Amino acid sequence: MARKVTTQRKVIVTAIAWTLGILIFFPILWTFLTSFKSEADAIASPPQFLFFHWTTENYTEVQSRSNYLGHFMNSVIISFGSTLIGLVIAIPAAWAMAFSPTKRTKDVLMWMLSTKMMPPVGALIPIYLMFRNFGLLDTRTGLVIVLTLINLPIIVWMLYTYFKEIPGEILEAARMDGASLMKEIVYVLTPMAVPGIASTLLLNIILAWNEAFWTLNLTASKAAPLTAFIASYSSPEGLFYAKLSAASTMAIAPILILGWFSQKQLVRGLTFGAVK
């Protein structure tokens, strides 16, 4: 029997949720507003929230100074490419761990997760030297490879969790009907796990899109994504806050729009199997 929730509790919980939501969203709002200020207004004290001279010159200058479309295409190719390759590798791996586990399966999963705890700078030198020797510096291919390997543990873990919620009897029935291993994964398992795969896809696209450490250290100009586009407005002459905010707004806008329109699928996938 469901417990009755009082009106007072609903009001308190709603107020707390709105407060936390505003606190989390406020930096994005402040960046957006700063992008329409002059450099003088951006560093004014006390800060000006709404009552300032609105201007679009920052966006005009950012567009004229940088190739936004080129950086945008790099981000799209790198984030989508690394995520799709990761899924191709992770789906069979997660299937094996979920439906054909061994006594070492949990150890392997924990080892994969432990790789995310290592500071990225610890692996920078060897990866940089390998990229230099193989001619992968400042290339989309190089970034796709490194981001695939970085996010692969998360993809495997998420898919493994979703696959564990699928009854193994269904796959056994497919085998009895003569389905091969490939057909079992492609035509039986994958369609049943679409919500989980979709949420994994979306989450890892966001992670790859926001990756800054590797993109700043392994690219210069040709393959530089939007994270490098933002960093280009931090110069030895100082920080140009208004232009930096305009560049940041242009960089985060596509992924915010994607997250907004796909939030139902993301929530559905993240809660996949949570309620029986």
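Predicted model: local features only at pLDDT ≥ 70, side-chain atom pairs only at ≥ 80, totals over all residues.
**Stop 1**

The contact draws 12 residues from domain 1 and 12 residues from domain 2.

**Stop 2**

How many salt bridges cross the interface of domain 1 and domain 2? The rule finds 1 salt bridge there. Select Glu-39 and Lys-243 and show their side chains. The side chains of Glu-39 and Lys-243 meet at 3.4 Å, N to O. Polar contacts are also counted here: 6 residue pairs between domain 1 and domain 2.

Now stay on the domain 1 side. Select H1 (7-34), then H2 (39-42). Each of these helices gives two or more residues to the side of domain 1 that touches domain 2. The largest share comes from H1, with 4 residues. By type, the residues on this side of domain 1 divide into 4 nonpolar, 5 polar and 3 charged.

**Stop 1: the salt bridge in the whole chain**

Zoom out. A search of the whole structure finds 4 salt bridges. Go back to the pair Lys-243 and Glu-39, with its N to O distance of 3.4 Å. Lys-243 sits in helix H13 (residues 241-261) and Glu-39 in helix H2, so this pair ties together parts that are 204 residues apart in sequence.

**Stop 2: annotated segments**

Look closely at two of them. Residues 76-96 are 100% helix and 0% strand, with end C-alpha atoms 30 Å apart. Residues 143-163 are also 100% helix and 0% strand, and their end C-alpha atoms are 29 Å apart.

**Stop 3: two backbone details**

Finish with the backbone. Most residues other than glycine have a negative phi, and most peptide bonds are trans. Here are two places to check against that.

Select Ser-45 and Pro-46. Is the peptide bond between Ser-45 and Pro-46 cis or trans? The bond from Ser-45 to Pro-46 is cis, with omega near 0°. Pro-46 is in the loop between H2 and helix H3 (57-65).

Then select Asp-138. Its phi is positive, about 55°, although Asp-138 is not a glycine. Where does Asp-138 lie? Look in the loop between helix H6 (124-133) and helix H7 (140-164).

Terms used
Residues numbered from 1 in each chain as written. Heavy atoms only, no water. Contact = heavy atoms within 4.5 Å. Polar contact = N/O pair within 3.5 Å; in protein donor to acceptor, adjacent residues only side chain to side chain. Nonpolar A, V, L, I, M, F, W, Y, C, P; charged D, E, K, R; others polar.
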